[in-house]
Amino acid sequence: MREVITMTLKAQKRAKILEMVKNKKIKQKDAAIILGICRRQLIRIFKEYLSKGDEALNHKLIGKPGNHRISSDIKEKIMQIVRNNYKGFKPTFIAEKLYEEHHIKIGASTLRLWMMETGLWKKIRKTAKHRTRRPRKEHFGEMIQMDGSIHDWFGTGKEVCLMNMVDDATGTSYGLFDTGETTQVALQCLFDWIMKYGIPYSIYCDYKSLFYTKREATIEEQLAGNCL
C-alpha cells in the first residue's frame, strides 16, 4: 500500500518548482528567486528532495504536537488556580499574577481562550458611545461658537486661517481670514463681533493653547483683562 504524505501549500509549491529544476525546465537561481530563498538554501533543499522526495519538504513537526504545546494536566492546574484565586479578573491581569506569584508563564490571549471555554470570561463587544444632540440656545447671543480652520481656502497652494464665530441660536456667523491661528486673530475676530452684534453671554471653543493657558497671566494681561 502506498504511503500518503500530507503536504502543506508551501511544500506543494516547493515540490512543483523543484520538479521543474529536476527536469531542467528552470535554473536553480531562478527557482531560488521564485521561492524567495537564497541559492545555497535552494541547493540544500533540492538535494534533500532528490534523496527523500516530497517527504523532505514538509516541516518535521507537521501532524505532531508542537514543542511548546501545554499538556491537559498543566492546563487544568492553571485553570484551577484561576478559579480559586482570580475569578472575575481580566485575563491580562491574571497572566501577570500567574507569572509573579506562581511562576507560570502563559500568554494573555491563550488564557483568555481557556477562560472563555470554561465560562470564566465572556467576550466584550465594544459599542459606539451614545451621543445625544444638544438643543440649540433659544436666544441670539446666549452662546457663540468660535473656531479656527487652516486650509487652502483660495486654491492658491497657500494655507490661511479662517477664524469663524457662529451664533448657536440663529446660525449668524462672522469670519476673518489671516495668515495663522493666533491669539491676536482670535481677539480681533471677537472684537469685530462685539462691535457688530454686542457682547455675547458665553463663548464655546476648543481646548487649544490659543484660547487656554496654564501659565500665570502677566501684569499687562491682568490689567488688560480688568479693563474689558
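The model is predicted. Helix 4 spans residues 72–85, and helix 7 spans residues 183–197. The structure holds 5 salt bridges.

**Helix 4**

- Helix 4 has 14 residues, which should span 20 Å at 1.5 Å a residue, and the 20 Å between its end C-alpha atoms agrees with that.
- I78, M79, I81 and V82 are the buried residues of helix 4.
- These buried residues line one face of helix 4, because they fall within an arc of 150° when seen down the helix axis.
- Exposed residues on the other side of helix 4 are S72, D73, K77 and N84.
- The cover over the buried residues of helix 4 includes helix 5 (91–102) and helix 6 (108–117).

**Helix 7**

- The 15 residues of helix 7 reach 21 Å from the first C-alpha to the last, close to the 21 Å expected at 1.5 Å a residue.
- V185, A186, C189, L190, D192 and W193 are buried in helix 7.
- Seen down the axis of helix 7, the buried residues fall within an arc of 160°, so they line one face of the helix.
- Q184, L187 and M195 are exposed on the other side of helix 7.
- Strand 1 (144–151), strand 2 (160–167), strand 3 (173–178) and strand 4 (203–205) are among the elements that cover the buried residues of helix 7.
- G198 follows helix 7 and has a positive phi, near 100°.

**Strand pairing**

- Strand 1 and strand 2 run antiparallel and are joined by 8 bridges.
- In strand 2, M163 stands opposite G148.
- Strand 1 and strand 4 run parallel, with 3 bridges joining them.
- In strand 4, C205 stands opposite M146.
- In a regular strand, side chains alternate between the two faces of the sheet.

**Loop residue K123**

- K123 is placed in the loop between helix 6 and strand 1.
- K123 counts as exposed because its relative accessibility is 68%.
- K123 and R112 are 11 residues apart along the chain, and their C-alpha atoms are separated by 8.9 Å.

**Salt bridges**

- Side chains of opposite charge can pair when their charged atoms come close.
- R44 and E48 meet through their side chains in a salt bridge, at 3.6 Å from N to O.
- Both R44 and E48 lie in helix 3 (residues 39–52), 4 residues apart, which is about one turn of the helix.
- R44 is partly exposed, with a relative accessible area of 43%, and E48 is also partly exposed, at 27% relative accessibility.
- K75 and E117 form a salt bridge in which the closest N and O atoms are 3.1 Å apart.
- This pair links distant parts of the chain, with K75 in helix 4 and E117 in helix 6, 42 residues apart.
- K75 counts as partly exposed at 27% relative accessibility, whereas E117 counts as exposed at 57%.
- E76 and R83 also meet in a salt bridge through their side chains, at 2.7 Å from N to O.
- E76 is partly exposed at 41% relative accessibility, and R83 is partly exposed at 29%.
- A network of salt bridges links K97, E100 and E101.

Terms used. Residues are numbered from 1 along each chain as its sequence is written. This is a predicted model: local features need pLDDT of at least 70, side-chain atom pairs count only at pLDDT 80 or more; totals for chains, interfaces and linings use all residues. Side-chain values use heavy atoms; hydrogens and water are left out. Helices (H or I, at least four residues) and strands (E, at least two) are DSSP runs, numbered from the N terminus. The expected span of a helix is 1.5 Å times one less than its number of residues. Buried means under 20% relative accessible area, exposed over 50%, partly exposed in between (1.4 Å probe, protein chains only). The arc is that of the directions from the helix axis to the C-beta atoms. Contact means heavy atoms within 4.5 Å. Two strands pair if DSSP finds at least two bridges between them. A salt bridge is a side-chain nitrogen of Lys or Arg within 4 Å of a carboxyl oxygen of Asp or Glu.
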